[in-house]
Amino acid sequence: MLDMSALELSAAIKAGKLSAAEAAGAYIDAIEKTGNRHNAFLAVAKDKALARAGEVQARIDGGEALSPLAGVPIALKDNISVCDMETTCASEMLRGYKPVYSATAVERLEAAGMVIVGKLNMDEFAMGGSSETGVFGPARNPWDVSRVAGGSSGGSAAAVAAGEIPLALGSDTGGSIRQPCSFCGVTGIKPTYGAVSRYGLIAYASSLDQIGPIGRDMDDCAALLSVISGPDDKDSTCVIENPFGFDRPVSERLDGVNVGLPRNYFDGGIDRDVKRAVLAAAEELAAAGAAVEEFEMPLTEYVVPAYYIIACAEASSNLSRYDGLKYGYRSADAKTLNDVYRLSRSEGFGLEVKRRIMLGSFVLSSGYYDAYYKKALKTRALMKAAYDGLFKRFDILLAPVAPTSAYTIGENIDDPVKMYMGDIYTVSVNLAGLPAAALPCGFDGRGLPVGLQLIGQAFSEEKLAGAARVYQRRTDWHTRKPAGSPPTGGKTV
């Protein structure tokens with residue numbers, strides 16, 4: 001059953017060919033057999049998952065109409081709240097914390113009949129681009145365990161790539177779904193801001209964060225996005241009117257689709273193998289009937305600084321609640337109220353989180369608000385206007401996800417500026433609140449996956465999924481799997 005896609009697995013369960021408990025058990029066994037050598041899982045809720053699978057099976061046997069993913073195991077990035085399940089954000093600050101409620105996305109998974117197996121590794125509070133900053137150690141890339149899985153949703157991408165789970169949820173603040181998908185050779189969607197409820201997602205930067213799916217192919221990801229998307233009274237920023245539907249027949253062609261290719265993304269710092277793979281994907285889309293045209297992406301020199309100013313400013317505000325008093329870590333050495341604040345935050349947060357809190361507090365401070373934060377907001381508005389202009393010319397934009405493939409663990413951790421610049425192709429999408437899909441499109445000379453991203457107008461996820469499906473039906477990059485992983489129906493590289 002590990003050979004099946006998530007949709008095939010659910011269909012087999014509904015047809016009585018296997019049970020939901022057998023499916024959950026098979027993936028739990030796969031996790032145990034690998035010994036979690038990729039450090040993708042922070043927790044596996046074996047007993048709860050098997051009990052839940054039995055409940056779902058009873059609903060199916062009773063004739064209840066459930067989603068196309070009913071009975072399918074899923075795992076969650078550890079910043080998504082699940083009632084009575086430890087949710088740590090990979091931080092000492094929240095070690096042992098068990099929410100008293102579940103995220104809206106989790107409630108929708110359960111209503112759809114999916115089975116939550118466990119929680120996945122990440123960068124601490126989603127702050128990082130390599131899943132190295134968490135207190136539980138780095139997530140490791142299944143293609144080469146000496147390399148990073150990407151971040152901050154590295155555990156989610158690594159678990160899917162390793163065949164330890166068929167589907168996962170991650171979150172994307174500045175590329176945190178797309179970049180791990182590129183590094184690990186899997187598929188993911190960063191939804192339009194406001195398409196998926198953020199209720200129960202532990203905040204990093206509230207105007208940028210979005211929960212999204214990670215899977216082996218676009219069909220599975222689209223099915224999962226249709227489950228978790230939709231309006232929510234608990235989140236005033238969730239403005240979508242209805243969940244996405246991806247049930248239209250899949251076209252084999254892209255005739256009449258105009259695809260924009262940002263030529264300046266392929267200058268300078270991009271690796272040669274990444275450039276080659278993404279340009280080959282552009283040729284594949286053209287062969288499928290799309291009209292591919294180059295253009296100059298504006299404001300590229302400003303997007304990374306603007307993003308980090310805005311994201312860090314929001315982080316400094318969101319993380320002020322962790323003060324050692326209400327919940328979370330409290331220093332045992334604190335003697336006074338000032339000690340509680342100072343020591344709890346000093347000991348509970350890691351270096352990268354402290355760096356971003358300090359940067360955010362600085363740009364919001366008196367005398368610097370206008371010089372930095374206000375200018376960053378203006379840049380964000382210009383970026384959104386620029387995208388609006390581009391989508392008058394193009395239906396979809398095709399770009400690299402990252403300038404490199406996965407790098408060695410520890411290689412960039414002491415150079416935060418270099419790490420931040422790795423987000424150059426992804427952060428503008430979050431600043432503009434747009435959707436983007438990440439797909440594997442080849443390998444570099446070291447046998448490491450390379451990914452592309454398709455970017456669309458707000459709430460154009462169905463159009464993006466349609467183009468991605470055409471590409472994945474014409475190529476087999478998404479079927480490749482790393483050596484040593486459980487069987488997943490693809491070719492072993």
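This dialogue walks through a predicted model of one protein chain.

Reader: What should I know before reading the values?

Author: The model is predicted: local features need pLDDT of at least 70, side-chain atom pairs count only at pLDDT 80 or more, and totals for chains, interfaces and linings use all residues. Residues are numbered from 1 along each chain as its sequence is written, and side-chain values use heavy atoms, leaving out hydrogens and water.

Reader: How many helices and strands does the protein chain have?

Author: Helices (H or I, at least four residues) and strands (E, at least two) are DSSP runs, numbered from the N terminus. Here there are 15 helices and 13 strands.

Reader: Why is the chain called as compact as a globular protein of its length?

Author: The radius of gyration is taken over C-alpha atoms, and the globule rule is 2.2 Å times the number of residues to the power 0.38. For 493 residues the rule gives 23 Å, and the chain's value of 21 Å is close to that, so the chain is as compact as a globular protein of that length. Its C-alpha trace spans about 65 × 55 × 45 Å along the principal axes.

Reader: What share of the residues is buried?

Author: Buried means under 20% relative accessible area, exposed over 50%, and partly exposed in between (1.4 Å probe, protein chains only). Buried residues are 60% of the 493.

Reader: Is serine 81 buried or exposed?

Author: Serine 81 counts as buried, because its relative accessibility is 1%. Its place is the loop between β2 (73-77) and α4 (104-111). A contact means heavy atoms within 4.5 Å.

Reader: Where is arginine 140?

Author: Arginine 140 sits in strand β4 (residues 140-141). With 31% relative accessibility, it counts as partly exposed. Its contacts, not counting residues up to four places away in sequence, include Arg37, His38 and Ile409. Alanine 162 is 22 residues away in sequence and 10 Å away in space, C-alpha to C-alpha.

Reader: What span should helix α15 have?

Author: The expected span of a helix is 1.5 Å times one less than its number of residues. Helix α15 (residues 461-474) has 14 residues, so it should span 20 Å; its end C-alpha atoms are 20 Å apart, which agrees.

Reader: What covers the buried residues of α15?

Author: The buried residues of α15 include Leu464, Ala468 and Tyr471. Their cover includes β7 (187-190), α7 (218-228) and β12 (436-443).
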